[in-house]
Each structure stands twice: as C-alpha cells, then as structure tokens.
Amino acid sequence: MNRRQLTNAPLLQAARGETPDHTPVWFMRQAGRSLPEYRKLREGVGMLESCFNPDMLAEITLQPVRRHGVDAAILFSDIVVPLKAAGVNLDIVPGRGPVLEHPIRTLSDVQALPTLEHEITEVAEGIDTILSELTETQALIGFVGGPFTLASYLVEGGPSKNHIHTKALMHNEPKTWALLMEKITATVTAFLATQMHAGIDAMQLFDSWAGFLTEHDYRELVQPYSAQILETARDIPRIHFGVGTGELLPDMAAAGPDVVGVDWRVPLDRAAERIHRVSGRVTGLQGNLDPAMLFASESAIAREVARIKGEARAAIEAGNATGHIFNLGHGVLPETDPEVITRTVRLIQED
C-alpha cells in the first residue's frame, strides 16, 4: 500500500475534525465537460475508454487541480467502471449515460451477473501518476458508486426517471434483491480496494439516486450494503453523498461515513442538527452551493458562499458537526465558465 502521510492537507484535516488554515474546497465533476482542455483531450475517445487509460484518467483528474487550485483531486472515473471491468456488457452512450444490452431482472440474471475479482491495473497506474504531481496539501479522493444507483442501472438497463423495475424487484423478489446487492457490494468493494492499495487519501461513496427511495426502503434494503462498503475504507476519511437525500441524511450518517455530503436543498446547520438528533452521530459536512449559482453575479456568489460557511460554522459551534468541506450541492454543470469556478475557489479559501 502506497498511502501518503499527509498532516497538512486541509481537506483531510476537516474530515478528521481538525481545524485547517482555510475552508477546503473541491467540486464534484470538477474534472470534465466545463474545461476546454478536457474536451480537447476527449475528442474521439469514449468515456469508458478514457476511464481505462492510465495516462488519460490521470491527466483529466489533475486538470482542475492545476487550473482552479482546489484542495483535492477527485479520481476521474464512472460508477459503472467496476461493472465493466467485471465483464458486464454495457457502454456509456453520449447524451444518455450507461446502457446495458440486457437488463438484470430475474434471479437467473442476478446469479449470472459477474463480480469483480481482480485489481483494475489501469486505474492503479493512473493513481500512481496523479499522486506524483499532487502536493502534500492536496488530497486524492477515490470514487465508487452506491449500491442502489448501480442496481438501478442494471435493472432498468440505463438511466431512469422513476426506477419502476428496480423498486418492483426490491419488493416482489426480496431474495433476488439481496443477492443483487451482495454482488454489487462485492464488486464495488473490489474496485475500492484497487484505489486504496494504490494510495488514495480519502474516498466518496456516491449513491446519486438514493433520494428516490423512501426512508424505510433505504434503511432496510440499501443502507446495510453502503455500510459494508464504507467499513472496508475505515483507514481513510470517508464521504457519503446522494442527491435529494434530505430525509435520508441520518440513515446515510448511520452507515458510518466521517463526512456526509448535503445537496443544495437543505441548509448545512439544519442537516447537521437532523443527523445528530435522529442518528445520534456527529459527522463532518460537505457542501452545498447550488451548481446553478455559478451562473450568477460575483456578488451573489459571494453572498451564498458566506451564508453556507456561516451555516457550517453554526453547526460546528452547536456541536452538531465536526468540520466542513466546501463543495457544490451536486456536480459542476457542463456550461459553467471555468474562470468563475477558479474565482469561487479563491473566495472560499479566503477565511
């Protein structure tokens, strides 16, 4: 294992409940379509192809760190990378997302679903390159997809607005659902092991569609598997994030992360109070500027940044949170002006 011993990386300090010299910031989807250098590099190259190219994934991961001066790199990947590496027949279709040739909807389908049982060497090689360029104050965050989101891609056969087949399977065939989640958990854990052995400094479990679930269904049918994944990364700071998960935040915290990501819909102090009151846990907070705010005026952005940092301070002072990592409430939108991102990062870091 090649993990760096970083004592002055602001993001890791905040995740550990220490006091960094400035509010650390990184943005979900900071590596990607908003950057002209990314679009140039990706010309004629498929998404999955770029994820399995060590030099390309390293370069894409590093581009926003160089340009924006953020406190962390997020590994360039996709949540379906471990499924592809395991042998699942899928592709990422431009403008649509991951698509499977044959959806997984029956017990025999699930029984035949392969699991990842080997290291993804291309990713490990890319991480080695990334770490060689990052400074001792810049963390590398690993990335894995959450079990419900991956299950829905598999069952629906692609992106879904309502997750009809997935929810029907959860309730009609609970044993089939449990087997599917066990297989997904094994694959995600194996992908995470590749990243940890290569030396990531922290990780984020990104269950982007968990917000479509009821509190009961998340708690009973999804959270135990998220907890298993997070437990395997207990040696590094762990972030857990989902979209539209305001009512699920206590259960997401109970899965065991060190930091809970909050989307833009819930104020950070209210989110922290809810987590502490319902789950009894006190975690770090990540978030939560609305991505659309990066299209507003500089003064409007400054007001929102100040408000969010103030809510985080209030949560920490109330004993409901241990620290704050600034982020968006979801990912950078493709149309975002990179110069605005750079200016916002500098504003956030001026404590």
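How many salt bridges does the structure hold? The structure holds 16 of them, a salt bridge being a side-chain nitrogen of Lys or Arg within 4 Å of a carboxyl oxygen of Asp or Glu. This is a predicted model, in which local features need pLDDT of at least 70 and side-chain atom pairs count only at pLDDT 80 or more, while totals for chains, interfaces and linings use all residues. Residues are numbered from 1 along each chain as its sequence is written, and side-chain values use heavy atoms, with hydrogens and water left out.

**Stop 1: charged pairs**

Select Glu18 and Arg16, whose side chains meet in a salt bridge at 3.1 Å, N to O. Glu18 is partly exposed, with a relative accessible area of 36%, and Arg16 is also partly exposed, at 39%; here buried means under 20% relative accessible area, exposed over 50%, and partly exposed in between, with a 1.4 Å probe and protein chains only.

Next, select Arg66 and Glu59, where the closest N and O atoms of the salt bridge are 2.9 Å apart. Arg66 is partly exposed at 42% relative accessibility, and Glu59 is partly exposed at 28%.

Then move to Arg219 and Glu215, which form a salt bridge at 3.3 Å, N to O. Both lie in helix 11 (residues 215–221), four residues apart, about one turn of the helix; helices are DSSP runs of H or I with at least four residues, numbered from the N terminus. Salt bridges that share partners also join Glu37, Arg67 and Glu339 into one network.

**Stop 2: Thr342**

From Arg67 in that network, step to Thr342, which is in contact with Arg67 and His68 when its neighbours within four places in sequence are left aside; contact means heavy atoms within 4.5 Å. Thr342 lies in helix 16 (residues 338–349) and counts as buried, at 6% relative accessibility.

**Stop 3: the annotated positions**

Now select Arg29, Gln30, Ala31, Gly32, Arg33, Asp78, Tyr153, Ser208 and His330, where an unreviewed UniProt entry places the feature "binding site"; the positions are given in the numbering used here, feature names are shortened, and annotations may be inferred rather than shown by experiment. These residues span 302 residues in sequence, and their farthest two C-alpha atoms are 23.3 Å apart, so they do not all gather at one spot.

Tyr153, by contrast, is in helix 8 (residues 147–156) and is buried, with a relative accessible area of 11%. Its contacts beyond four places in sequence include Ile79, Val80 and Trp209.

**Stop 4: the nonpolar core**

Finish with Phe27, Val80, Leu154, Trp177, Leu180 and Met203, which touch the most other members among the 124 residues of the largest nonpolar core. Such a core is a set of buried Ala, Val, Leu, Ile, Met, Phe, Trp, Tyr and Cys residues joined through side-chain atoms within 4.5 Å. Its largest share, 10 residues, comes from helix 10 (residues 174–198).

Note on methods. Helix = DSSP H or I, 4+ residues; strand = E, 2+ residues; numbered from the N terminus.
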